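Okay, thanks for coming, everyone. Let me put the model up and then walk you through a few bits of it.

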Amino acid sequence: MLFNTIDFIIFFIVLLATIAAIKHRKFQHVFLLIASYFFFYYSSNYLIILLIASTLLDFYIGRAIWNNKNSVKKKLLLIISLAGNLGLLGFFKYADFAILQFNYLGEQFNLANDIPFLNLALPIGISFYTFQTISYTVDIYRGKLKPSESLKEFALFVAFFPQLVAGPIVRASVFLPQLREKMNKLQEIGVKRIISIDGINLKIGITLMAIGFLKKMFFADNIAPLVNDIFSNPIGAESFTIILGAIAFGFQIYGDFSGYSDIAIGAALILGFKLPINFNRPYFAISPSDFWHRWHISLSSWLRDYLYIPLGGNKKSCGRTYLNLMLVMFLGGLWHGAATNFIIWGILHGSYLFVHKLIMNKFPILKNNSFFKTKRGKIISIFITQYFIFLAWITFRVQNLEHLTYSLQKYILLDFQYMQTIEIILTHKISIILMILFIILHYVTFKKHDLKTKISNLSLPFWIIFLFSVSLSILLLYDGNPEDFIYFKF
Amino acid sequence: MGFIKTRNITLSVLCALILSIIVFLFIIWNLPDHLFSANEQFFSQEIKGENKIFILGSSHVYALNPILISNELQKNGEHFTVYNLGSPGDDFEERERTIEMIIEEEPKIVLYGIEPRAFETSGRNLVSSSYEVLPSIPSISKLFDFIEFEKKGVLKNPKFALIRTISKPINDINQIENPYPNSPFLTYDEKVSKIVNLDDLYKIERESISSIEPAEKNSNLLYLKKIIDKLQENDIKMILFLTPHSKIFLDYFPENERIVFQEIINEISMTNEMFIHSEIDRYAELNVWHDHTHLAVNNNTDFYSKDVAGFILDEIKK
């Protein structure tokens, strides 16, 4: 079910009304589980079986790891869990990509008969929920987490609908205590509801959802035509056109993905669950590593805790640290999709981190240089960082290698032509105006910390004006085609 | 206290939403309905010709030259004045709103060019949900399909209507530069005359197609049937034909959607006892394409008009 459809709005209103009305309050979380499965089944049909399989696998393996005292057996159980989850992910997401590479290799060696593609449907959200379940078993294995007390509790953690299909990737250590706290309160101090909708959470949640819808439906969806126009066939485009396309796509994907995250976090908060933030003004990052502390935070922290650190992180030699960075970002790129451009995107980001770390190691004086702490120094750092970030977005957006090489060449080696760019700007005036507005708003959120809370704290008449403006803006620029969230594909 | 606050917040949200919807509807209701107005303008004029043939369809009929078709018919002893009333973005629902104006002109034949995407369920970018092994849940939003709006055409795409109004007030159709005579709603565009060679055609991003609902649930089909019924009730001969598509589009046309589309075509053909002419793959491999679904509009694609004239003749002789 897409968040940006009337279907979801109706679903969510019915869900809230039912939760508020359920008399047998201890069944509220069972109801929430059923609702989450409905949410998934609504658009994914039989692929819900994979979600349930992943849930069952990790619930029982998690318990077995916890109860087993033998470290070899524990390790074996962990391997089974990892193999199961990654096998599922690998088969459904990467099988055809692997076949394509295999066939290509076969062609090079003149081997006859290509292996036919499996043409499997990509299960929506599989990359997100498998990472959640992996973190659960790994945390139990590490002794950092007690296994879930009941299957329904664990199933709700995996299937909780706000974050099910596109994150944020929630850790069991974050979600389960919140659920347990609600259930314990019911038993211990007789609080009437397990899941209560309280005024403060409702107001902040709705504010977040409104901002999310605005980012997605007002900004991202209306910047998309400009991006599509440029990158449908960039061959022959001027440098400035490619740069414009890269910036526009950077804004589009940020509006799209952070919009989804805001809606998810807002919806969860209304139900009384706090999900981790996923974005923190990424286009004000002053270095590549700073960018990854601000962009898709739940994924980057997952990769850090479950991949980078186990590989040795930065505790071993410099060479090993660089290799770890490259490997983690390569896999991070591959996580986004089974395509060469995502791998290149990952490798590019890996090399940014590697070069940045190398420079910092070779010239430690730069770290404490007072110039980079001044306003001017920070602005220069932001521009240099973002130049490379937007360059990498080109690899994310293009359709094939030829488009990629052409676009990158034009992005790097400016041709100083501008007639075509002016024509594109004139054709896509609305997108350009929205991009300017987006920059202004992004700057405002940078200057005014925690704008969301400030909006939530507005008195009701002003808050109504805010919701009215958001709602009217979305309605007026709605083009009848609710676009998919980009991260649904991953 | 908590309850009161929750209630106040809920009421505030409702208030904001209702207010925004009212303002939105007010704006929309006051936006001009371009398609309707353009049709009103055209049909209020005197439309020449005793025996008229009207060609309807989207940009896929852009390459049909009405004068060329008229000449081809004349060569075979059939005297008709042909009008290409195709309009970019045309859909059955919008066309149904203007069909009375067409009927009043009493054309002898109405030719409608149709294509798979005219039967798409929703937007062109939606993920296809064609993998339904277990029973599917009916779409919640479809519950509201029974609501009839006076300006449903504008409501379907407020952004389009709004931008169109801001950027250019209703055009005087007589001021538009047309690609050929008798094509009042088509605007001359030099870009579409360019043939993109096959290698470059592959480089253009493919237009994806979203799911096509089966015949019994397809709302687009419903409107097409209404058009057919109204024309047949008024003894106007209707000819349907599938517009041409390139090999690239056809190769990537998802199998499920292909099957459903074929079933829809069979359904129209059977219930209305009409033969549906197919140009869908006739020129698929030729080097005559502007993009994956549109023939370039120049002298090299005159065969399209001639072929269409050919099956009009076949239908006349029936």
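So, chain B averages a pLDDT of 80, and 78% of the residues score at least 70; pLDDT is the predictor's confidence in each residue, from 0 to 100. Over residues 123–130 of chain B, though, the pLDDT is below 50, and beyond near neighbours in sequence this stretch has 26 contacts in the model. A contact here means two C-beta atoms, placed from the backbone, within 7 Å. For the complex, the predictor gives an ipTM of 0.78 and a pTM of 0.77.

Some housekeeping: this is a predicted model, local features need pLDDT of at least 70, side-chain atom pairs count only at pLDDT 80 or more, and totals for chains, interfaces and linings use all residues. Residues are numbered from 1 along each chain as its sequence is written, with chains lettered from A and ligands numbered from 1 in the order written.

Back to chain B: it has eleven helices and five strands, taken as DSSP runs numbered from the N terminus (helices H or I, at least four residues; strands E, at least two). Of its 318 residues, 33% are buried.

Now, is D314(B) buried or exposed? It sits in helix α11, residues 302–317, and it's exposed, because it has 12 other C-beta atoms within 10 Å. The cut-offs are 20 or more for buried, 12 or fewer for exposed, and partly exposed in between, with C-beta atoms placed from the backbone. D314(B) and N256(B) are 58 residues apart in sequence and 32 Å apart in space, C-alpha to C-alpha.
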